Structure formats: structure tokens, C-alpha cells
Amino acid sequence: MKSIEIVSIVRLAGFALYFFIAAQGAFYHFGFGKALYQIPAEHFIELRKVVDPAVRSKFKMLYLAALAVMLLWVVLTDKSAGFWSYGLVLLAFLLLVADMVFILRFSEPVNELINSDLLNTERGYSNARSEWLKFIFIRGYLSLAGFALLVIQLAFKSN
């Protein structure tokens, strides 16, 4: 297999994986996140306790695959034409890394709190919901920005 074919496959895989991550950000930004503020906080906690186990392993694999493929894309990209030949892919990768940092440092601790039995007041439910949504929005903006960079890269890169 020629190296140009490998790069094309890596680009396609990276773009597709990043799309699924960015789609989550768009989903929360364009409606679902705002709707979650409209339901009682206790119902939000119940919803998260059901949803989290159903999606956690799938999203973990998605993020790990995206990180690996994006890193490979950065490594394989021709850098001979300077920063603009690879810079947008590198920035998209760094935004994905930033998203992972937010997951590990902020989202996961909130998820652990939500999935525990420590929350037992309306104020606790409401605070947990606010924290969870704050970080899902931030992470969504990171992934949407990264995806936009990839779209620009692919639109203006000929090879």
C-alpha cells in the first residue's frame, strides 16, 4: 500500500472519529443541554445514572481511537510546506487532548458524584447538574472547534 493511500485512510478515519465526538458537542449546544436545565434536577440525576453506564465504554473507545488516529495523522502529514500544511491538524489534535484533560479532571469526578449515593438534596442535584452541563458545553466547544479546523484543513489541502 502506498504511503499516500495510508495517509488518506488515516485522514478519513480521523475525520469520521472527530465527527462523532463533535456531534455530541453540537447535540448539547443546539438543544439537549438547554433542555436538561428545564427538567427537575433530580430527574437529570436519574437520567445520567441510566445513560452513563450505557455510553461510557463506547465513548471511551471512541476517544482513545480518535486520539491515536489524530496523532498518527499529525505524524504522517507532510510538513515540508511549513506550519499551514499541518498546523490545523495539530491544533485539532491539541483541542482533542484538551477535551480529554477536561474529561479526566472535571467531567469524571462529577460523573462519579452523580453515580454515587452522596447526592440527596435538591441543591446537591442542582449543583451537580450545573457542573456537569458546564463541562459538557466547554468540551463540546473544544470538539466543535477542532472539527471545524479539520474541515478547513481538508477543504484547502490538495493532498
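Helices α1 (3–36), α2 (41–76), α3 (83–115) and α4 each supply at least two residues of the lining of the largest pocket. Helices here are DSSP runs of H or I with at least four residues, strands are runs of E with at least two, and both are numbered from the N terminus. A pocket is found on a 1 Å grid over the protein atoms alone, as an open set of points with protein on both sides within 12 Å along at least five of seven lines; a cavity is a set of points where a 1.4 Å probe fits but cannot get out, and lining residues have an atom within 4 Å of a point. The model is predicted: local features need pLDDT of at least 70 and side-chain atom pairs count only at pLDDT 80 or more, while totals for chains, interfaces and linings use all residues. Residues are numbered from 1 along each chain as its sequence is written, and side-chain values use heavy atoms, with hydrogens and water left out.

The chain as a whole has 4 helices and 0 strands, in the order α-α-α-α along the sequence. Its C-alpha trace spans about 60 × 25 × 20 Å along the principal axes. Contact means heavy atoms within 4.5 Å. Among contacts between residues at least 6 apart in sequence, 81% join residues at least 24 apart. The accessible surface comes to about 9000 Å², and 70% of this surface belongs to carbon and sulfur atoms. Accessible areas come from the Shrake-Rupley method with a 1.4 Å probe, and for residues only the protein chains shown count as cover. Of the 159 residues in the chain, 39% are buried; buried means under 20% relative accessible area, exposed over 50%, and partly exposed in between, with a 1.4 Å probe and protein chains only.

The buried nonpolar residues can be grouped into cores. A nonpolar core is a set of buried Ala, Val, Leu, Ile, Met, Phe, Trp, Tyr and Cys residues joined through side-chain atoms within 4.5 Å. The largest one has 23 residues, of which Tyr18, Met70, Leu96 and Leu150 touch the most other members. Helices α1, α2, α3 and α4 each give two or more residues to this core, and α2 gives the most, with 8 residues. Leaving aside neighbours within four places in sequence, Leu96 is in contact with Tyr18, Ile21, Tyr63, Ala66, Leu67 and Met70. A second, separate core of 14 residues includes Tyr28, Leu36, Ile114 and Tyr125.

Next comes the empty space. Rolling a probe the size of a water molecule over the atoms shows where empty space is left. The largest pocket has a volume of about 540 Å³, where grid points are joined across faces, edges and corners and a volume is the space filled by probe spheres set on the points. Of its 25 lining residues, Arg56, Phe59, Glu108, Asn111 and Arg139 are the closest to the centre. Helix α2 gives the most to this lining, with 11 residues. By class, the lining has 16 nonpolar, 3 polar and 6 charged residues. Ala, Val, Leu, Ile, Met, Phe, Trp, Tyr, Cys and Pro count as nonpolar, Asp, Glu, Lys and Arg as charged, and the others, Gly among them, as polar.

The whole structure also holds 2 cavities of 30 Å³ or more. The largest cavity has a volume of about 40 Å³ and is lined by Ile21, Gln24, Gly25, Tyr63, Asp99, Ile136, Arg139, Gly140 and Ser143. Helices α1 and α4 are the elements that give two or more residues to this lining, and α4 gives the most, with 4 residues. The lining of the largest cavity divides into 3 nonpolar, 4 polar and 2 charged residues.

Beyond neighbours within four places in sequence, Arg139 is in contact with Gln24, Tyr63, Asp99, Phe102, Ile103 and Ser107. The C-alpha atoms of Arg139 and Phe44, 95 residues apart along the chain, are separated by 19 Å.

Two other buried residues complete the tour. Gln153, also in helix α4 (residues 122–156), has a relative accessibility of 5% and therefore counts as buried. Leaving aside neighbours within four places in sequence, Gln153 is in contact with Trp84, Ser85, Leu88 and Val89. Gly87 lies in helix α3 and counts as buried because its relative accessibility is 0%.
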